[in-house]
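The following briefing concerns the structure shown below.

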Amino acid sequence: MKEKYPRDFTSYHRISGQPQVQRSLLPMKLDVVIFGGGGAGLWLLDELRRRGFGVLLFESRELGHGQTIVAQGIIHGGLKYSLSGFLSGSTKAIQRMPELWRSCLEGKREPNLSDTRVRSQHCFMWRTDSVTSRLGMVGARLGLSTVPVKLDENERPPFLVSAPGEVLEIPEQVIDPSSFLQNLAERNSGHTFLVDPAHGIEFVTGPDGAVECIRLELPDSNLSVELRPHTVVFTAGAGNESLRKLSGLKLNAMQRRQLHMVMVRGSLPEVNGHCVDGSKTRATITSNTDSDKRAVWQVGGQVAEDGVNMEIDEVVSHTRRELEAVLPGVDFSKTEWTAYRIDRAEGRTADGSRPEKAQIMQEANIITGWPTKLALIPKLAEDIVAAIQPSSAVAIRDMSELKDWPRPAVAAPPWEIPHHWYPYREIAR
C-alpha cells in the first residue's frame, strides 16, 4: 500500500533503497533547479532565464501559497524601520528597493512587471495623540532615499482629517501580490511545474553533500524524470526546512515569526499606510477589492504581532479597538471582520530577532534563500545569482518528457478563501 502524505513541501520524505516499481528515468542536464514558487523563486527563475541559464522551477501547491499571496504588498524603503531615530541594518538593506521596483513596474527594466497591478503609488504615515506616537514620527525625518512629504491639512485624505499632528505621504508603492505572481508566472509559464510529494521525489547526493541528481515521478502515470542540475536552490519559505532535511542538510537553519492578520470588508475608504506609535507601527493597513466588489483591508503591524496568542474572536475585537483609535473618522458599522495566521519563515538569527536583510546559505551545490520581506526579493535573487558558480550554461533543448506534467496555478488571495466573518455589531468591545 502506498503511504499518503499531505501535498506540501513540509511533508516530504526521503526515498531510500531501491524503488518499488521499475521506471525509466530520462536524464536532463540543466544549470539550476528551483524548489518554491513564491515571489522569490519566480523572480529568480526570471532572472536566470534572462541570463541564459537552463533552469526549471517546481512548486508543491499554488504559486505564492504561504507567504507571498498574503503579503500586504508595500514596497518598503526603510522608513518604518527608522522610527527609532537611527538607520538600522534593515533600513540600509532596503533603501534602494522602491526605486528598483518602480522601474520594473513601469517596464523600464527587467523583469518587466508592467502587468502587475499597483494598488497605490504611495502610503501615508500618521500618529495618534499619545506621547510615544509623537516620538515615533522623529525617525521619519531621516535622510532616506524614500523621502516623506508632510501634507497640509487641506491635502489630507478624508480618513485622516482628524489625525493629530503630522500626516506624511511616503512614495512607497503598494502592489497586488496576486497580479505580481501572475505577471511572473506568465513570463515563465513553460518552466514551472507542480510536484506532488505524495508520489515521489528523491535527492541523490554525493560524498561531499552535493546533489548529483533529482528523481521525480508524475502521479498516477508511468512518467518520471531524472534531473542533473549544476545548482539546486530552495526558495520555498517555510518549506525550506523540510527540503533541507530531505537533501541531507543541517536542520535548525530557519526560524518562524508568526502573525495573526485581520481582514475587514464592507463600506470602507481606500487606506494604505501606517499609524506609528514610538518605534513601532501600531497598525499597517492596505486596501484591495474582492470578487464581489467589496473593499477589503488587510491589517498588520503591531496588532498582528499582539494577536499571535489570541483566538480569532479576541484578535478581531482587539483590532477593532485599535482601528477605532487610530482612525476615529472611519465608520465601521457596515463591515465584517475575520483573521488568518501566517508564518514568516526566515534564516535563523542568534537572538531570534527579525533578520536585517535577505539571507542565503550555500552548502555544496545547494543554496537556501529567504528574502525576509517582499521588497527584498530582488536583492535575494541578486545574491543567489552571484553565489551560483559558473557552469556550462546548459540550454534546455528538449523538455518533451515534461510536456504532460501539471502546472501550478496562482494561489487565491486570503479574502477569497472561506472564512467565518464577524459582523461589526457582533464584535465585543
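This is a predicted model: local features need pLDDT of at least 70, side-chain atom pairs count only at pLDDT 80 or more; totals for chains, interfaces and linings use all residues.

Two strands are taken to pair if DSSP finds at least two bridges between them.

- Strand β9, residues 201-205, and strand β10, residues 211-217, run antiparallel and are joined by five bridges.
- Within this pairing, Glu202 has Arg215 of β10 as its bridge partner.
- Five residues lie between the two strands of the hairpin, where Gly209 adopts a positive phi near 90°.

- Strands of a sheet pair through backbone hydrogen bonds, in either a parallel or an antiparallel sense.
- An open sheet of nine strands is present, with mixed pairing and the order β5-β6-β4-β13-β14-β15-β12-β16-β19.
- Its edge strands are β5 (149-150) and β19 (422-423), each of which pairs on one side only.
- Helix α8, residues 312-326, packs on this sheet and touches β4 (123-127), β12 (254-266), β13 (273-277), β14, β15, β16 (335-347) and β19.
- The direction of helix α8 makes about 100° with that of β16.
- Six bridges connect strand β14 (residues 280-289) with strand β15 (residues 295-300), and this pairing is antiparallel.

**Phe193**

- Phe193 is located in strand β8, which covers residues 192-194.
- Phe193 has a relative accessible area of 0% and is therefore buried, the cut-off being under 20%.
- Glu59 is 134 residues from Phe193 along the chain, yet the C-alpha atoms of the two are separated by 6.3 Å.
- Leaving aside residues up to four places away in sequence, Phe193 touches Leu56, Leu57, Phe58 and Glu59, and also Met399, Leu402, Trp405, Pro406, Arg407 and Pro408.

**Cavities**

- Rolling a probe the size of a water molecule over the atoms shows where empty space is left.
- Two cavities of 30 Å³ or more are found in the structure.
- The second largest cavity has a volume of about 30 Å³.
- The lining of the second largest cavity consists of Glu241, Arg244, Lys250, Leu251, Asn252, Ala253 and Met254.
- Classified by residue type, the lining of the second largest cavity comprises three charged, three nonpolar and one polar residue.

Definitions and conventions:
Residues are numbered from 1 along each chain as its sequence is written. Side-chain values use heavy atoms; hydrogens and water are left out. Helices (H or I, at least four residues) and strands (E, at least two) are DSSP runs, numbered from the N terminus. On a 1 Å grid over the protein atoms alone, a cavity is a set of points where a 1.4 Å probe fits but cannot get out, and a pocket is an open set with protein on both sides within 12 Å along at least five of seven lines; lining residues have an atom within 4 Å of a point. Grid points are joined across faces, edges and corners, and a volume is the space filled by probe spheres set on the points. Ala, Val, Leu, Ile, Met, Phe, Trp, Tyr, Cys and Pro count as nonpolar, Asp, Glu, Lys and Arg as charged, and the others, Gly among them, as polar. Contact means heavy atoms within 4.5 Å. Axes are lines fitted to C-alpha atoms, for helices over the stretch in contact, and angles run from 0 to 180 degrees between N-to-C directions. Buried means under 20% relative accessible area, exposed over 50%, partly exposed in between (1.4 Å probe, protein chains only).
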